[in-house]
Amino acid sequence: MSLLVFFSSRPSPVAPGRIRLHCLAGFLCALVLCGPAGGRAVAQPAGAPVRIAAIYDRTGEASVGTGQRDFRGAALAVAEVNASGGLLGHPVELVELDNAGTPLGARQAAKQAVAAGAVAVVGGPWSGMSKAMAEVCQQARTPFLASIATHADVTRMGDCAFRICFTDDQQGDLLARFALLALSAKTAAILVNVGSDYSMGLAATFSTAFTAGGGRVVVEKTFKTNDTDFSTQLAAVAQAGPDVVFVPSYALESGRIVRQAVSMGITSAFLGGDGWGPAMAESGREAISGQYYTTHWHPEAPFPAGRAVAEAYRAAHGESPLQPDAILAHDAVMVLADAVRRAGSLDREKIVAALARTRDFPGGTGTITFDESRNPQGKDVTIMRFEGGQAVFHATFK
């Protein structure tokens, strides 16, 4: 059983916005008195805290390169909400839970969040974990906001599931157009991780869009998450000589693939989705130079709200958030807070209805308007390029 850690971001005269740790015993006592919540709101005495659960990865492969950033982004948002008076007269407490980097861990954490009486859950990062959380929250009629999970199935779990980031359909289509137009690619190879819903979904979207745009997929090979030798797949790529190689997977294995490809003399341009990130530099080393990937935010992207969150993050933690995780987690909490205020109630059904009506919310990663599938309409997609071992801003597309 995971330890539940509670944070309250109520400002104090001594240290405004300082996060204060609440003991587990206090929570257990409150849980006995109030009972677990699902669907409807637990009666909240005047001044009693409202709980929002943040479920991300402290451990497991998903934590590589992200660390505490998701939790920190959510905590910054809670501090802002409390500094502006809380939610409907109640301070907000953040319940931080580790999903252990697996769908099973995510499911267990979501059940703990529901049992803790959380009015809503925000979480990620990977689609398999987010689907597990969304399923639990749907059954409990508790709003779930996936901050950084792109697979279409996440919001298909039901009407309680919402998404803050762009979808695989959006980024897959854009990457295909980028390859065709910006890189003048006519042929492509695709290497897909068959153990990842994210990888398979993004590969399918890219393939469809690339072919529809006049391109030709000449090789499609599979691998698994724990593989370290990709010579068989890359030999087929080398023989076909495609203009681009699309690797829709995560930083660790994607970096290894690119490094091995370059060592085999493959000179095709490599493309990746938002699962890549700066952490590719560790596994891909100098081989990643000149390769491209998508992301949700960058300090040079034209989103003023995102720059403000990044500045607050830097002031609080002494470093830049670098990747978009913290900004997206911040967006998720702020979109939720906006919905609660518009609903005028802590009733979960009313919050779900208010979330569905979200229009033109000025998020740090762009304007957020939910469509009928509870995905953001027309989110901007940022293209990054590796240069000298660093990920640098290339362009922003819609």
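This is a predicted model: local features need pLDDT of at least 70, side-chain atom pairs count only at pLDDT 80 or more; totals for chains, interfaces and linings use all residues.

Student: Let me zoom out. How many helices and strands does the protein have?
Tutor: There are 12 helices and 16 strands. Of the 398 residues, 58% count as buried.

Student: Which residues have the most contacts inside the largest nonpolar core?
Tutor: Those are I55, F144, F206, F210 and L271, in a core of 48 residues. As background, in soluble globular proteins, nonpolar side chains tend to be buried together.

Student: Pick F210, then. What is F210 in contact with, beyond its neighbours within four places in sequence?
Tutor: Among its contacts are A176, A179 and L180, and also A185, K186, T187 and A188. G215, R216 and V217 are on the list too.

Student: What else is there in the way of cores?
Tutor: A second, separate core has 40 residues, including V50, F162, A354 and F370.

Student: Switching to helices. Is helix 4 mostly covered or mostly uncovered?
Tutor: Helix 4 is mostly covered, with 10 of its 13 residues buried. Among the buried ones are M129, K131, M133, V136 and Q138.

Student: What do those buried residues pack against?
Tutor: The buried residues of helix 4 pack against strand 3 (50-56), strand 5 (120-123), strand 6 (144-146) and strand 7 (161-163), plus helix 3 (103-115) and helix 6 (197-212).

Student: How far does helix 4 reach from its first C-alpha to its last?
Tutor: Helix 4, residues 127-139, reaches 18 Å, close to the 18 Å expected at 1.5 Å a residue. Helix 4 is followed by R141, whose phi is positive, near 55 degrees.

Student: And what's in the loop between strand 5 and helix 4?
Tutor: P125 is found there. The peptide bond from G124 to P125 is cis, with omega near 5 degrees. For context, most residues other than glycine have a negative phi, and most peptide bonds are trans.

Student: Which other non-glycine residues have a positive phi?
Tutor: L88 is one of them, with a phi of about 55 degrees. L88 lies in the loop between helix 2 (69-83) and strand 4 (92-98), and counts as partly exposed at 37% relative accessibility. S184 also has a positive phi of about 55 degrees, and S184 is in the loop between helix 5 (168-182) and strand 8 (187-193).

Student: Now helix 10 and helix 11. At roughly what angle do their axes cross?
Tutor: The axes of helix 10 (residues 304-317) and helix 11 (residues 325-343) cross at roughly 110 degrees and come within 10 Å. Angles from 65 to 115 degrees count as roughly perpendicular, so helix 10 is roughly perpendicular to helix 11.

Student: Which residues make that contact?
Tutor: Helix 10 brings G306, V309, A310 and Y313, while helix 11 brings A326, I327 and H330. By class, that contact has five nonpolar, two polar and no charged residues.

Student: Is helix 11 largely enclosed or largely open?
Tutor: Helix 11 is largely enclosed by the rest of the structure, because 15 of its 19 residues are buried. Helix 11 reaches 27 Å from its first C-alpha to its last, close to the 27 Å expected at 1.5 Å a residue. After helix 11 comes G344, whose phi is positive, near 65 degrees.

Student: Back to H330. How many residues apart along the chain are V78 and H330?
Tutor: They're 252 residues apart along the chain, yet their C-alpha atoms are separated by 8.3 Å. V78 is in helix 2 and counts as buried, at 0% relative accessibility.

Methods: Residues are numbered from 1 along each chain as its sequence is written. Side-chain values use heavy atoms; hydrogens and water are left out. Axes are lines fitted to C-alpha atoms, for helices over the stretch in contact, and angles run from 0 to 180 degrees between N-to-C directions. Helices (H or I, at least four residues) and strands (E, at least two) are DSSP runs, numbered from the N terminus. Angles under 35 degrees count as roughly parallel, over 145 as roughly antiparallel, 65 to 115 as roughly perpendicular and the rest as oblique. Contact means heavy atoms within 4.5 Å. Ala, Val, Leu, Ile, Met, Phe, Trp, Tyr, Cys and Pro count as nonpolar, Asp, Glu, Lys and Arg as charged, and the others, Gly among them, as polar. The expected span of a helix is 1.5 Å times one less than its number of residues. Buried means under 20% relative accessible area, exposed over 50%, partly exposed in between (1.4 Å probe, protein chains only). A nonpolar core is a set of buried Ala, Val, Leu, Ile, Met, Phe, Trp, Tyr and Cys residues joined through side-chain atoms within 4.5 Å.
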